[in-house]
Amino acid sequence: MLIRKSPDIPSSEITPKADYLSRRTFMTGIAATGVTALTAGRVTRWGGTVHAAEKLQTVKSPLSLKGETLTSLQDITHYNNFYEFGTDKGDPARNAGAMHTRPWTVQVTGLVKKKKTVDIDTLLKLKPMEERIYRFRCVEAWSMVVPWAGYSLSEFIKQCDPQPGAKYVQFLSLADRKQMPQINESGIHFPYSEGLRMDEAMHPLTLLTFGLYGETLPNQDGAPVRVIVPWKYGFKSAKSIVEIRFTDKEPPTTWNMMASNEYGFYSNVNPNVDHPRWSQKTERRIGASLFKQRQPTLMFNGYGDQVASLYKGMDLKKYF
Ligand code: MTE
């Protein structure tokens, strides 16, 4: 992203699997709710609890991609952008392990009929969990294919009762310097903020995401809850969300505040609009064989049939 010190392919991309596995405890036995019983967890030096992975029971979604090779769990969990834990792609796997994700609540604020605070365990059980295999395209011109687990954000928004004046949704991430000491070095504004227009947020593809590969999200991927907006660059997909705010104006977003000429509010994947430092015409598929690594980037990341109508009549070069 903005900070150049992080190389495009750091050696951390090849962190041994054992490092990852040692951070997670694999659970068995699926409860009727679709989520396994919680483990006891481990008390951290901040007094919170780090929760082990839980299995998620998912149903397959018709919105899943077909016929694309999944990116390995190892790559998905060791090639990350999560600036609260450092700017190198390997930093989140190294540093996010101790973030405590229980107790965890999400505040619903702004233009809603009734502001509320929702506990993560309530959110997890609100709707049946689906497995959605999506392409994930970062503005740095790399991509992955990830089997996420979650349900459409629209299901939750409907329960939030937004007021008619609510035109945008803002997502705010946890920013806790005690748990995230690297925040001080990353040089960007916190809390990490992202936003969507209401119709984008209500689009069925927009996923309120709790897991990947059939288990709860690893911390470095945004535990316990993030959004995934598959037709937009990855930075629109805020991690470790603690507040969802409904607004009447376009909300300020972290990367746009840092460099508005580089990161627009919309940030739809678009091979025809280059980022000043990365051509968007092609992408490097993480983990693919050398011959298949570079591939053409698709308009709206290949989701044009579903989402192009949201932008009818808009100049996508101006509203990049
Ligand atoms: N959310 C928070 N809170 N902090 C971040 O630094 N980085 C964004 C996005 N969400 C980021 C974030 C960027 S730049 C990308 S590309 C994706 O998360 C990366 O998601 P991944 O690490 O699961 O691949």
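Modeller: Let's start with a pairing: Trp142 has Arg284, in strand S14 (residues 282-285), as its bridge partner. Trp142 belongs to strand S7, residues 142-152. Strands here are DSSP runs of E with at least two residues, numbered from the N terminus, as helices are (H or I, at least four residues). Before going on, note that this is a predicted model: local features need pLDDT of at least 70 and side-chain atom pairs 80 or more, while totals for chains, interfaces and linings use all residues. Residues are numbered from 1 along each chain as its sequence is written, and side-chain values use heavy atoms, leaving out hydrogens and water.

Now the neighbours. Two strands pair if DSSP finds at least two bridges between them. S7 and S14 run parallel, joined by two bridges. With strand S10 (residues 207-212), S7 runs antiparallel through five bridges, and Ser152 stands opposite Leu207 there. Strand S6 (residues 130-137) is also antiparallel to S7, with eight bridges; one of the pairs is Ile133 with Pro147. S6 and S7 form a hairpin with four residues between them, and Ala141 in the turn has a positive phi of about 70°.

How enclosed is S7? 11 of its 11 residues are buried, so S7 is largely enclosed by the rest of the structure. Buried means under 20% relative accessible area, exposed over 50% and partly exposed in between, with a 1.4 Å probe and protein chains only.
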